[in-house]
Amino acid sequence: MSKGPGLFSDIGKNAKDLLTKDYVSDQKFSLSTSSDTGVAITSTAVKKGGLSTGDVAAQYQYNNTLIAVKFDTESNISTTLTFVDIVPSTKTIASFKLPDYNSGKLEVQYFHPHATFTTAAALNQSPIVDLSATIGTPTIAFGAEAGYETTAGKFTKYTAGISITKPDSCASIILGDKGDSITASYVHHLDQYKKSTAVGEITRRFSRNENTFTVGGSYAVDSLTVVKAKLNNHGKLGALMQHELIPKSVLTISSEFDTKALDRTPRFGLALALKP
């Protein structure tokens, strides 16, 4: 694959990951194993409120083809096939979920040193087609995406964005929700080893005349432990600690408080991912 501007979905991804990734509000346990033949199996159990769910997922890679199958406790079977370089500089992803025969989806990604293109279509009688394109370089990129419902003959979404990436920082602006919202974010690494990172994001929703401003950061205490925190102007405070118990096995503890309603019970989450 080329080292071009990346996909449109990568615009603003660094800030989003810092502010949302690994902040869990439920209890999750997963166990991953792999065989000598290259098959990786992951079993996951999740408890959210009074509801418990689980699934077993298997992955197998053969040359440029990746096969992923997941079985869950609701009797669903999800399958994803990923093919790299069927045509040079492309990635093709086919997915479907049984017993929902209308869940099929086909996506093709094309990578060029100065552009990327993505086309995705639902495989049913009234498909929605998603298109996205990004032009630029790994340093600066401009992109747009749109979703079109073929049966109704109307756009379901259209979004545009720009990102600027430097070795120690990245910034992005995204105009989304059919022009109803604009989000600007900035991520800055505070040291050359990227142990400390600060992030700020502001979203303006025009129809509601509402602004949401969020600041956060992460700090690597040592090679095994990372702590993160975030706070928005609505008073929501989140924090987490992630510790590698043994190589590739991670414990995550997170919580969220409403600083404007301290009488409410805080939300806590716990995730344990074991990979012997």
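Predicted model: local features only at pLDDT ≥ 70, side-chain atom pairs only at ≥ 80, totals over all residues.

Author: Residues are numbered from 1 along each chain as its sequence is written, and side-chain values use heavy atoms, with hydrogens and water left out.

Reader: Is Thr214 buried or exposed?
Author: Thr214 sits in strand 15 (residues 210–220); strands are DSSP runs of E with at least two residues, helices runs of H or I with at least four, both numbered from the N terminus. Its contacts (heavy atoms within 4.5 Å) include Leu19, Val199 and Lys230. Buried means under 20% relative accessible area, exposed over 50%, and partly exposed in between, with a 1.4 Å probe and protein chains only. At a relative accessible area of 11%, Thr214 is buried.

Reader: How many salt bridges does a search of the whole structure find?
Author: Side chains of opposite charge can pair when their charged atoms come close. A salt bridge here is a side-chain nitrogen of Lys or Arg within 4 Å of a carboxyl oxygen of Asp or Glu. Asp177, Asp180 and Arg205 are linked in a network of them. The number found in the whole structure is six.

Reader: How far apart are the closest N and O atoms of Lys13 and Asp17?
Author: The two residues are four apart in helix 1, so about one helical turn separates them. Lys13 is partly exposed at 38%, and Asp17 is partly exposed at 24%. They form a salt bridge, and its closest N and O atoms are apart by 2.7 Å.

Reader: Which residue forms a salt bridge with Arg267?
Author: Arg267 is partly exposed, with a relative accessible area of 45%. Its closest N and O atoms in the bridge are 3.1 Å apart, and the partner is Glu256. Arg267 lies in strand 19 (residues 267–274) and the partner in strand 18 (residues 249–258), so the pair ties together parts eleven residues apart in sequence.

How values were computed:
Lists of a residue's contacts leave out its neighbours within four places in sequence.
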